[in-house]
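Biologist: I'd like a close look at one spot in this model, and then at whatever surrounds it. Take it step by step, please.

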Amino acid sequence: MKTLHLAAAAVLASALAAGGALAQAPVKIGLVLPYSAGPFVAIANEITDSMALALEETGYMVAGRKIELVREDTTHKPDVAQAKAKKLVFEDKVDMLVGPVASAELTALFDFAHQSKVPLLIPNAGDNEVTGEKCSPWVLRTSFSNDQIVRDMGTWMAGKGYKKVALLAFDYKAGHQLMGGFKKPFVAAGGTIVTEQYPPFGRLSDFGPWLGRIRDAKPDAIFSFFAGPPATLLVQQFKEFGLDREMKLTGAGWLVSPLNLPSQGQAAAGVIGVLNYVPAIDNPVNKSYQERFQAKFKRVGSEFGAQGYDTAKLIHAALAQAGGKTDDKAALVKAMHAVRIEGTRGPLRIDPRTNNVVQDIYVFETEMQGSAVGYKVLDRIRDVQDPPNGCTLGG
Amino acid sequence: MTPPASGTRHVVAVLLAAAAGGYWLASGYYGKELLAETAITAILAMSLSLLVGQAGLVSLGHAAFFGIGAYALAGFGARLGWPPALAMAAAVATGAVAALLVGLVAVRLAGVFFIMITLAAGEMAHAWFLKDRLFGGVGGMAGVPRLDLSAIGIDTGDPASFALLALGVAILVYLLLDRLVLSPFGQTLRAIHQNEERARALGCPVGRYKLAAFVVAGAVAALAGTLAAQRSAFVSPELLTWTLSGEVLIVVIVGGGASLLGVSAAAALWIGLRHQLSTLTDHWMLAMGAIFVVLVLVAGDGIDGAVRGLWRRLAQRRGP
């Protein structure tokens, strides 16, 4: 009889243990980013490293479950990005996806996430339509929409006396969205666009012709959108041509990103930017993020890293709110809508009407700080929220 | 240039198909995706093999026709709402017409000038789709429909079925191109490749033969493009980049240029290596480059040449 009891207890214990093990199964977050090829490798790594920093703070744990990051490389190809996303969902059984960087990869991932009802968090891609007319209940954005970055900048610049502005961006969708988003409020605030220049998208070795045309139009300022190597080229040529004595160089803040400053050198000083993040933001979360990032990687964390960090923070907060349960994906998304976090960028939340982030936008200027170029925050526009723009999630 | 005709190629073809079938049975979800990608790459490589290996026309803009096929399917199938089968046929025809237009200019040129003009045409097509608004520009367009085979009980939405479909089309393309290569048409192409002046002196309309090869290759590349668009339900300008043209050219060279089976095997090697290496390291392209340099050094005639050499040696050893 006694042995029978013992056996029953053993069976019970092992059943409990099995149940316990089941509850202990890790929460899996699938990362679909271009790690090995294309122009966004640095951004992909910055996002991943910063997500890891944020999760390290929590010990990679939430509500008794481990959190696991599963990396997949898109090799900067949209069809590979989609195949890898499917692999993560169907084979690795991840609970959510984070990615991608480029807009073509986003188009390829978007429909898959929408149809398979797996939460997809976009850590860096700005196409307005994704949280506008094309929005999906399953696709959330923790980075920004193009419109959100520049919408209040037109009013700000007109208010500061920059009445005549020249627009300069690559001739493609994001270029036109950012310039268009700036232009409308700027003109409404009494500003005049004296010229719009759109060089062909892609490789560009000389801004000369475009800067020449802008000089002829005699603006008070250039408002521009460039990132990566073209941004470095523009900042340098602007200085070389002596345009800094005639007008101000301004633009979406990626122009003078911490990723570009080393190659731009002192030419980067004196540029006004507008962005959802700048390393000089004065709040405890950002301070500790920059300290830990700089200690580990020996360089300043960029806006891409900050977005990655905040994305992981938001995911963690939502998982905690959902009690670590991930089976009900709709409830998980609901938790993501419900949480409010203090991020590197200040207070953050996801707007349930559009699934776009609501965040503060910063106007900043670069200046010489000792022997290096640093950032000074000029203005902070709080709680910038997109209108639905055709998105019907809010009913 | 050895003529590709030999009975053993049937054995090799069956072995390759069997390997693909075995992989299909053994692989999981992601394996089916890789298999479909391999079949599509093999079709694209076989179409380029007709140009490079048979006619000696080294094109560096072949991805343009691949992309045009994909975009045409998106246009006819998604934008205009034609039934997928009809849209596919129209897309292949579009690829043929595009190849005809480019070919009319390109085949008049030889050597490096042919390479440059195909590269330029490819870049023009790429630039056009980057700027265009109808298909979403840089971001591309989703919602490309898949072939509807529910009438014969096949759900092409299922990755396993779609992989089989792509494989089936690849086999069909192989059989057709194999016929073409062995036909008098193929022989004439090889004659032009070996000595264009002599072929012309013998009264062969060299330009027309080259143009015909260019159009067939463009149409088959467009067919591969329609499958690629269906696989991811999506098109973007990435499909037309010159780097893709370059990759396919490498696959063709590694495969042995003229051998349809060789380039198909090289396509499988390319996709397989890329997948395996990229899971191991972010510097997979470096490793892949090294592997292909070694391959070309060790087997100058590509996979096809290496297999033939091995076969000969085995035959000699067994022989009296």
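Modeller: Let's start at G137(B): leaving aside neighbours within four places in sequence, it is in contact with Y172(A), K173(A), L130(B), K131(B) and D132(B). Contact here means that the C-beta atoms of two residues, placed from the backbone, lie within 7 Å. Keep in mind that this is a predicted model, where local features need pLDDT of at least 70, side-chain atom pairs count only at pLDDT 80 or more, and totals for chains, interfaces and linings use all residues. Residues are numbered from 1 along each chain as its sequence is written, while chains are lettered from A and ligands numbered from 1 in the order in which they are written.

G137(B) sits in the loop between α5 (111-131) and β1 (141-142) of chain B; helices (H or I, at least four residues) and strands (E, at least two) are DSSP runs numbered from the N terminus. It's buried, because 22 other C-beta atoms lie within 10 Å (20 or more within 10 Å is buried, 12 or fewer exposed, in between partly exposed, with C-beta atoms placed from the backbone).

Zooming out, chain B has 13 helices and two strands. Its radius of gyration, 19 Å, is close to the 20 Å that the globule rule gives for 320 residues, so chain B is as compact as a globular protein of that length (the radius is taken over C-alpha atoms, and the rule is 2.2 Å times the number of residues to the power 0.38). The C-alpha trace of chain B spans about 60 × 50 × 45 Å along its principal axes, and 48% of the 320 residues count as buried. Of the chain B contacts between residues at least 6 apart in sequence, 78% join residues at least 24 apart.

Now jump to S264(B): 127 residues in sequence lie between it and G137(B), and 32 Å in space, C-alpha to C-alpha. S264(B) is one of the residues touched by A45(B), along with V248(B), V251(B), V252(B), G255(B), V263(B), A266(B) and A267(B), not counting residues up to four places away. A45(B) and I43(B) have the most contacts inside the largest nonpolar core, which has 215 residues; such a core is a set of buried Ala, Val, Leu, Ile, Met, Phe, Trp, Tyr and Cys residues joined through C-beta atoms within 7 Å. Helix α2 (residues 29-55) of chain B gives the most to this core, with 14 residues. Domain 1 (22-144 + 282-359) and domain 2 (148-275) of chain A both give residues too, so the core lies between them; the bounds come from an automatic or database domain assignment.

The centres of those two domains of chain A, taken over C-alpha atoms, are 30 Å apart. Where they touch, 11 residues of domain 1 of chain A meet 10 of domain 2 of chain A, and the domain 1 side divides into four nonpolar, five polar and two charged residues. (Ala, Val, Leu, Ile, Met, Phe, Trp, Tyr, Cys and Pro count as nonpolar, Asp, Glu, Lys and Arg as charged, and the others, Gly among them, as polar.)

Back to the two chains: 26 residues of chain A are in contact with 25 of chain B. On the chain A side, α3 (78-91) and α4 (103-116) each supply at least two residues, and α3(A) gives the most, with eight. That side divides into 11 nonpolar, five polar and 10 charged residues.
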